[in-house]
Each structure stands twice: as structure tokens, then as C-alpha cells.
Amino acid sequence: MICNVVPRGPTGGGIRGRSLSTALLDIKQKIAETKYRKGHSAIVTLDQSGAFDMVDHGILRLKLIHIGIDKRSVEIIMNYLHERKQAVHINGNNSDILLTGDTSVSQGSVLSGILYLIFTM
């Protein structure tokens with residue numbers, strides 16, 4: 001018997017009240033339930049650290065047009081992504097400011113998640 005143990009509904013992703021810990025607890029519970037029913041469980045993980053840094057703007061532009069986003073909106077999105085800067089602030093200390101280049105969407109905004117999903121389609 002094969003059982004899907006992927007948690008249903010939102011798990012993390014900046015959703016209030018959900019975190020990696022919550023997702024792991026959901027998975028642990030599903031595995032325990034499957035074991036109780038004498039089923040089998042397997043976990044496949046993918047390391048997507050840095051995935052948002054690998055979004056090529058040229059390819060993203062083509063995909064946005066391909067899915068029907070009008071050219072004016074595509075240009076606004078590309079302008080939003082063009083020459084973005086990033087820095088980290090921890091305990092009163094600032095890192096150097098880095099340009100993200102032409103292969104990145106900044107993490108943390110709703111738009112970035114949507115753009116990443118379109119890029120991976």
C-alpha cells in the first residue's frame with residue numbers, strides 16, 4: 001500500500017502559524033498513521049537553497065509572455081527585478097550591499113514566489 005504523507009494545505013512559506021517545525025510534525029504524524037495501518041512511507045527531499053538566486057531573467061521574461069502576461073506588465077516586472085540590491089542586518093551590523101544580477105528574484109515578497117513558480121513551469 002502506498003500512502004502520500006505530504007502534509008495537506010499550507011506548510012510554511014511565510015504563512016502565519018505555519019513553520020518548518022509544523023510541517024515536520026505533520027509528516028511525522030502521517031508516517032505514524034501509515035505505520036499503524038501497516039503501510040510504507042518514504043521521504044524524498046530536494047535542496048532548493050539558493051533556488052530563488054537561479055531564476056534567469058531572460059527565461060522568466062519569455063515564460064511570462066508565453067503564459068499570456070501582456071508585454072507592458074512583463075516590462076514592469078522586469079524593471080522590478082533589474083539591478084536589485086540586497087544586504088543583511090543582524091544585531092546592528094550591516095553586510096555589504098550586493099547586486100543580485102540578472103539571475104535572481106528577491107525572497108520574501110509574494111511576487112517573488114509567484115515568479116519562481118512561473119520560472120519552474
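Visitor: What makes the charged end of Arg84 count as sitting over the ring of Tyr80?

Guide: The term requires NZ of Lys or CZ of Arg within 6 Å of the ring centre and within 35 degrees of the ring normal. In this predicted model, local features need pLDDT of at least 70 and side-chain atom pairs count only at pLDDT 80 or more, while totals for chains, interfaces and linings use all residues. The charged end of Arg84 is 4.4 Å from the centre of the Tyr80 ring, so the distance falls within the 6 Å limit. Residues are numbered from 1 along each chain as its sequence is written, and side-chain values use heavy atoms, with hydrogens and water left out.

Visitor: Which residue lies over the face of Phe119?

Guide: Lys63 does, at 5.6 Å from the ring centre.

Visitor: Why is the contact of Arg61 with Glu75 called a salt bridge?

Guide: A salt bridge is a side-chain nitrogen of Lys or Arg within 4 Å of a carboxyl oxygen of Asp or Glu. The closest N and O atoms of Arg61 and Glu75 are 2.4 Å apart, so the pair meets the 4 Å limit. The two residues are 14 apart in the chain, with Arg61 in helix α2 (residues 57-66) and Glu75 in helix α3 (residues 71-81). Helices here are DSSP runs of H or I with at least four residues, strands are E runs of at least two, and numbering starts at the N terminus. A search of the whole structure finds 1 salt bridge.

Visitor: What makes up the largest nonpolar core?

Guide: A nonpolar core is a set of buried Ala, Val, Leu, Ile, Met, Phe, Trp, Tyr and Cys residues joined through side-chain atoms within 4.5 Å. The largest one has 14 residues, of which Val55, Leu60, Leu64, Leu81, Val105 and Leu115 touch the most other members. Helices α2, α3 and α4 (110-119) each supply at least two of its residues. Beyond its neighbours within four places in sequence, Leu60 is in contact (heavy atoms within 4.5 Å) with residues including Val105, Ile118 and Phe119.

Visitor: How many helices and strands does the protein have?

Guide: There are 4 helices and 4 strands, in the order α-α-α-β-β-β-β-α along the sequence. Of the 121 residues, 21% count as buried.

How values were computed
Buried < 20%, exposed > 50% of the residue type's maximum accessible area, 1.4 Å probe, protein only.
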